[in-house]
Amino acid sequence: MQSQSVMLELREQDEVWVRLYKGERENAVFSDEYDTYITFSGHLINFQPAAEPRGTTVLHDTVSTRPQPLPARHFDTKTTEPVSFFLSGLEELLAWQPDGNDDFNVSAVPLAKRQPPLHGERPRTLVCHDMRGGYLEDRFIQGSATRNPYVFYHWRYIDVFVYFSHRTVTIPPVCWTNAAHRNGVPVLGTFITEWTDGQRLCEAFLAGGEEAYRAVGEQLARIAQHYGFDGWLVNIENTLSAAAVGNLLPFLRHLTARVHDAVPGGLVIWYDSVLQNGALKWQNELNEENRVFFDACDGLFTNYNWKEEHLERTRGLAGPRRTDVYVGVDVFARGDVVGGGFDTGKSLRLIRQHGLSAAIFAPGWVYEHLGEENFLQNENKFWASLAEYLPTHSICTLPLATSFSLGMGTSRFLAGKEEEAGPWYDLSAQEIQPLYPEREGRLSTGCCLRDAWCGGSSLRLQGTIPPGEERVALFLTLLYKLEGPHPDEFTVALELTTWDSGTCHEGNVTSLPGEDPPNGRHHPRFLPAPPPGLAKLLAACDGGSHGWTSRCYELDLQDCSLRDLFLLVSRHQPSPQETPFTCLLGEVRVLDAASAVASPPQVQGLAASQLWWQEGPDPQQLSLSLTLRWTFPPGRAGCFRVLRRGTGCHQDQQPPQLLGLAHACLYRAVGLAVPRPAAGQSCQLELLVEPVLRDQLPVDPERWGRLVLVYSEPAGGTSPDGH
């Protein structure tokens with residue numbers, strides 16, 4: 001008999017729902033939905049509802065090491081890890097349909113609101129990521145153990161992010177969409193045709209009738225909508241016949257309209273390549289040869305070999321849409337360009353002088369050209385050199401919570417303690433990033449990988465308090481650790497500013513000397529003992545662990561809004577000497593107290609499928625991979641921690657062990673080493689799903705998802721065919 005899987009959900013009123021489901025196994029037998037007794041592998045099983053807590057799923061499976069192939073497009077063929085993918089050619093594009101196997105590629109992170117919004121008067125900045133052809137370590141959706149990976153974290157400086165590769169349809173790896181959306185930046189994929197193959201592809205869908213090019217536009221819009229990114233860069237880099245170019249403009253109009261309908265705030269940007277007569281000739285500007293394409297979509301990305309006269313003509317022709325022209329800047333400085341590398345600012349200065357937007361192409365130059373060593377320092381140096389030309393943005397919604405993790409690290413930390421040693425890389429785990437300023441040599445900020453409160457890194461602030469002064473105000477706030485030889489010399493406190501709406505009133509704050517509320521700087525009231533309604537929320541206030549200090553404050557705002565948060569570092573006594581300090585910021589949380597005290601929801605419907613058994617690392621072990629799925633209210637969780645506990649053939653209570661983070665309601669556990677059961681014996685594996693709420697408040701374990709996998713080997717032991 002073929003092995004089968006049984007899922008048991010224990011719910012209220014002692015009801016037992018048993019569902020026998022097929023999954024990937026052949027010849028499975030379905031029982032009635034509400035049967036409480038089923039025959040499994042010739043044995044009668046009676047499940048007792050009282051044996052497990054409410055919300056627990058029990059799954060029984062018979063070990064089979066028969067190969068269980070998963071689609072190579074969506075899963076790594078060696079490990080079954082979920083991977084990102086692209087589409088090659090017109091046939092794959094037109095054949096694309098949503099598939100449950102590609103759910104890992106769907107972004108569950110909504111585009112955060114920010115100020116100022118994308119569409120406005122000021123020039124914008126687009127970043128086009130072109131790292132060695134794309135789909136490198138970022139193709140592993142659940143991350144990898146990469147040392148010294150490339151990460152981008154200067155989101156506050158940019159308006160649009162494009163993931164570029166030379167595949168026909170480049171679908172941005174979901175980790176990039178997650179990281180960008182968390183910081184309020186829309187993400188575009190790339191639709192590109194090139195060379196002879198590209199010319200044939202264009203003839204196939206453009207030289208025919210309306211139905212052909214409309215089908216391509218429909219599919220591209222559906223793909224963006226399904227995977228949760230925000231539109232397309234369209235790059236036709238091959239010549240077109242008269243018949244094909246005749247349909248290019250209506251195709252672009254149709255694609256733009258469909259993307260606008262399918263994706264709120266969706267964008268389509270045209271690359272400066274083909275002219276309206278079908279010739280392939282880069283113009284390096286907006287002119288009458290390519291204006292028709294600019295008029296048909298949301299913007300133009302120009303080629304890189306421009307001079308100042310190109311900018312002058314572009315501004316004149318673009319008129320009120322001048323910020324929709326993204327002037328290309330190749331950081332590798334290929335061709336006849338104004339400036340690249342650390343001289344990229346020369347190009348941006350000219351672009352901004354003419355009120356135009358900029359498209360920074362291949363900023364991975366910092367990593368590819370200068371190397372992995374000192375990458376973070378070089379990355380900060382590069383973006384600092386452009387800062388004066390890059391208008392910044394601010395996140396404008398609550399709750400606001402970040403531990404400053406870059407989505408990588410040399411260890412993984414939890415509550416100030418190392419939870420897991422070893423390198424890791426997962427851009428989906430990157431949190432909201434601050435700016436990294438340098439202030440007249442008195443303040444520098446950067447990433448600290450050596451110590452963190454949560455995730456892989458903290459924010460290091462280093463500076464000096466000048467002679468005769470008592471304090472220096474730093475942008476940010478507030479779970480911190482003072483370092484250096486004399487940390488007791490300093491005090492750390494919170495400070496803030498507000499926007500006045502005309503009737504702004506702040507309660508429970510003290511104004512700083514010389515500033516009058518309501519539009520000044522304030523000290524919120526420190527809460528050493530929280531009020532009863534917030535006791536659980538603020539249980540850690542005025543405490544900390546592993547050298548970290550936690551402080552909580554209360555601010556009552558009426559008819560006004562929070563503008564800036566500051567960290568105030570003071571020394572206890574004025575000194576004629578310059579006093580250096582180092583402070584690590586581990587976490588910042590700005591919460592709405594009313595919503596934060598509400599009970600969190602329960603993880604529901606935890607189920608397992610796509611079980612893949614293999615021989616283990618030693619004869620007494622098996623290796624198991626499986627997919628977990630569950631439900632949770634959209635938008636409530638920042639991520640989910642997936643853990644294992646109690647693996648064995650005897651009842652024991654081991655502490656939970658982290659398997660990884662999920663950024664949607666599914667996770668693929670890969671290569672779990674589990675004990676091999678003896679003949680006639682069953683073993684079990686307990687899997688837990690802990691929701692991490694966006695406000696970072698801990699969720700009681702009783703509201704986690706819990707699945708118990710009970711597994712056994714068939715009589716006679718495991719065989720390759722599962723019999």
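Predicted model: local features only at pLDDT ≥ 70, side-chain atom pairs only at ≥ 80, totals over all residues.
1. Basis. Local features here need pLDDT of at least 70, side-chain atom pairs count only at pLDDT 80 or more, and totals for chains, interfaces and linings use all residues. Numbering starts from 1 along each chain as its sequence is written, and side-chain values use heavy atoms, with hydrogens and water left out.

2. Asn235. This residue lies in strand E11 (residues 231–237); strands are DSSP runs of at least two residues, helices (H or I) of at least four, numbered from the N terminus. Asn235 has 2% relative accessibility, so it counts as buried (under 20% relative accessible area, 1.4 Å probe, protein chains only). Beyond four places in sequence, its contacts (heavy atoms within 4.5 Å) include Phe164, Tyr271 and Ser273.

3. Strand E5. All of it is covered: 7 of the 7 residues of E5 (residues 56–62) are buried, so the strand is largely enclosed by the rest of the structure. One face holds Thr56, Val58, His60 and Thr62; the other holds Thr57, Leu59 and Asp61. E5 pairs with strand E39 (residues 705–712) in the parallel sense over 7 bridges; pairing requires that DSSP finds at least two bridges. Val58 stands opposite Val708 in E39.

4. Helices H4 and H5. H4 (residues 210–227) and H5 (residues 242–262) pack at about 30°, with axes 9 Å apart. Axes are lines fitted to C-alpha atoms over the stretch in contact, and angles run from 0 to 180 degrees between N-to-C directions. H4 is therefore roughly parallel to H5 (angles under 35 degrees). Among the residues making the contact are Tyr213 and Leu220 of H4 and Phe251 and Leu255 of H5.

Notes. Buried < 20%, exposed > 50% of the residue type's maximum accessible area, 1.4 Å probe, protein only. Parallel < 35°, antiparallel > 145°, perpendicular 65-115°, else oblique.
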